[in-house]
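Please read these notes with the model open beside you.

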Amino acid sequence: MARRVSLEEAAQIAARLRAEGRRLVLANGCFDLLHVGHVRYLEGAHRLGDALLVAVNSDASVTRLKGPGRPIMPEGERAEIVSALGCVDYVLVFADDTVDGLISRLRPAVHAKGTDYTEETVPERASVLAAGGAVAIAGDPKRHSTRDLIQTIVRAFGAPR
């Protein structure tokens, strides 16, 4: 199981890995109702370096990004589930809407995003390049989403009362 870390611990880990000549990969997301697309994204991200740190959006940031009714699961549970994946080394919950601040602080060798982006459209691209890192796209084609999963559940079991 991956270790849940604070920002300060993550910064120490990132510095140690850099000093050892190893590559830290940063991936991020809401991970609300984990699905196979998430797993494939994180497995792909893990293959891009030596250690994978996953930044999980806090409850407040998920609500700002996804709207009312989200997240479905609280941040502690989402972080615990992501931590259980064998490809994940570290998990950090963060409160911002983007990981620009984390990138500036941690300076990962690689910032991995899912296939709903291109290397040119990653929102944090400028921060990654300014920190000396590379942007990479990981995972399978974007055919899975939490929104679609929620719609499937509602169709199958009816709208909540």
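1. Ala, Val, Leu, Ile, Met, Phe, Trp, Tyr, Cys and Pro count as nonpolar, Asp, Glu, Lys and Arg as charged, and the others, Gly among them, as polar. By that scheme the lining of the largest pocket divides into 8 nonpolar, 13 polar and 11 charged residues.

2. This is a predicted model, in which local features need pLDDT of at least 70 and side-chain atom pairs count only at pLDDT 80 or more, while totals for chains, interfaces and linings use all residues. Numbering runs from 1 along each chain as its sequence is written, and side-chain values use heavy atoms, with hydrogens and water left out.

3. A pocket is, on a 1 Å grid over the protein atoms alone, an open set of points where a 1.4 Å probe fits, with protein on both sides within 12 Å along at least five of seven lines; lining residues have an atom within 4 Å of a point. The largest pocket has a volume of about 720 Å³ (the space filled by probe spheres set on the points, which are joined across faces, edges and corners). Its lining has 32 residues, and Gly29, Lys66, Asp116, Tyr117 and Lys142 lie nearest the centre. Helices (H or I, at least four residues) and strands (E, at least two) are DSSP runs, numbered from the N terminus. Two or more lining residues come from each of S2, helix H2 (36-46), H3 and helix H7 (146-157). H2 provides the largest share, 3 residues.

4. A nonpolar core is a set of buried Ala, Val, Leu, Ile, Met, Phe, Trp, Tyr and Cys residues joined through side-chain atoms within 4.5 Å; buried means under 20% relative accessible area, with a 1.4 Å probe and protein chains only. The largest such core has 22 residues, and Val5, Leu53, Val99, Leu102 and Leu106 have the most contacts inside it. Helix H1 (7-19) gives the most to this core, with 5 residues. Another core, of 20 residues, lies apart from it and includes Leu42 and Ala138.

5. Which residues does Arg78 touch, not counting those up to four places away in sequence? Among them are Cys30, Asp32, Asn57, Asp59 and Met73, where contact means heavy atoms within 4.5 Å. Arg78 is placed in helix H4 and is buried, at 0% relative accessibility.

6. Gly67 sits in the loop between helix H3 (59-66) and helix H4 (75-83). Gly67 counts as buried because its relative accessible area is 14%.

Methods:
Buried means under 20% relative accessible area, exposed over 50%, partly exposed in between (1.4 Å probe, protein chains only).
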